[in-house]
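Welcome! Let's walk through this structure together, one question at a time.

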2 protein chains.
Amino acid sequence: MLNIATDTFAARGYNNASLAEIADRAGLTQAGVLHYFRSKSLLLTSVLERRDQGDIEQLGPERPRGLAFLRHLVDTALRNAEREGLVRLYAVLSAESVTEDHPAQAYFRDRYTGLRAFVTDALTEACGLPDPDAPRTRDAANAIIAVMDGLQVQWLLDPDAVAMAASTDLVIRSLLSTLAPDRFSN
Amino acid sequence: MLNIATDTFAARGYNNASLAEIADRAGLTQAGVLHYFRSKSLLLTSVLERRDQGDIEQLGPERPRGLAFLRHLVDTALRNAEREGLVRLYAVLSAESVTEDHPAQAYFRDRYTGLRAFVTDALTEACGLPDPDAPRTRDAANAIIAVMDGLQVQWLLDPDAVAMAASTDLVIRSLLSTLAPDRFSN
DNA sequence: GTCTATAGCTCGATAGAC
DNA sequence: GTCTATCGAGCTATAGAC
């Protein structure tokens, strides 16, 4: 049920997806869907929360740190090329969430805040930097997240023109050798 | 009129924006809007075409080349921080366009194809590379476009957490020194 | 739990008066 | 050119039978 809702939101976006279509695909009526989820926006929230378990940034307490975490991001980009549905869900909804009164706005704001902290920490640790709050580290972290997101949109529109993992890897390596040229040479 | 439509599509996305709201803001009725644009999707097309004149990638035949073009991208990121409406329009619509049967899908596919060619050329020239079709150059070009797009979404959700120009500049510099370490040192 | 039925909207588009 | 009126369709959500 949540899987079907996920696919539908991914294919159509939140606003353009209808409970009737989700219900059809799930083999019941629109009223049936609302029996389990009191409203459409609550269904979206449930979809997003479900997706957070067992995914990218929720790896449990033994999440990899430093360089291992950055490598994990490249791995994720590689695996994402085989998970178009998931990529579509986040690409479509994250951008849609910036529109007025979107029900997923708080979710994505918080998600990015958390991701930024993770990546900033990983960079600081991998590079052995003294100050975890250095603006340049923060800029680099934001850029790494941004490049992964932006590549997804290009890839969804034109899969053959984009190598998500290769581009992600190239950016991370380049940033590392800028932030810590002694540790990471070109 | 097109300006009002632009703002509305930017604030609500295409699907969620209504002709009635656009008409209200423009001071006429919904039927009045359809007198000028035969359909909603034609209005969107007109908005996007209008925006292409005098903007980022349409700088006329004397578009800057090589390093100057890459600097221009950073300038654009800097100016974009003062043009939230325009940023919102492209961030929202580009992601929305990957959904099924979206009227702007062809527009954004073509736009990215053109942008990729521009940035790839600029990188090839700036770095003095022999092969304009090198995969790594293409990966770097895609990454530069992606980082600019991805930063916009983060910035719209949390303006204080993101320095679009600084992050863009950092990525471009880092990539340059990876692609051509002899010309661009850290 | 799942259904039918329906209330109560909003939407895009068209027809036609002025 | 701009309006009113309206069609036909879609939507979310609720009420209530079974």
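**A guided look at the model**

Asp101(A) sits in the loop that links α6 (84-96) and α7 (105-127) of chain A; helices here are DSSP runs of H or I with at least four residues, strands are E runs of at least two, and both are numbered from the N terminus. This is a predicted model, in which local features need pLDDT of at least 70, side-chain atom pairs count only at pLDDT 80 or more, and totals for chains, interfaces and linings use all residues. Residues are numbered from 1 along each chain as its sequence is written, chains are lettered from A and ligands numbered from 1 in the order in which they are written, and side-chain values use heavy atoms, leaving out hydrogens and water.

Q: Is Asp101(A) buried or exposed?
A: Buried means under 20% relative accessible area, exposed over 50%, and partly exposed in between, using a 1.4 Å probe and protein chains only. Asp101(A) has a relative accessible area of 74%, so this residue is exposed.

Q: What is the phi of Asp101(B)?
A: Asp101(B) lies in the loop between α6 (84-96) and α7 (105-127) of chain B. Although Asp101(B) is not a glycine, its phi is positive, at about 60 degrees.

Q: What area is buried between chain A and chain B?
A: Contact means heavy atoms within 4.5 Å, and 51 residues of chain A are in contact with 51 residues of chain B. Buried area is the accessible area (1.4 Å probe) that two parts lose on being put together, summed over both. Carbon and sulfur atoms give 58% of the buried area, which is about 4300 Å².

Q: Which residue has a polar side-chain atom 2.9 Å from a base nitrogen of DNA strand D?
A: A residue is near a strand if one of its heavy atoms lies within 4 Å of it, and 13 residues surround DNA strand D, with Ser18(A) and Lys40(A) among the closest. The side-chain atom reaching a base nitrogen belongs to Gln30(A).

Technical notes
Polar contact = N/O pair within 3.5 Å; in protein donor to acceptor, adjacent residues only side chain to side chain.
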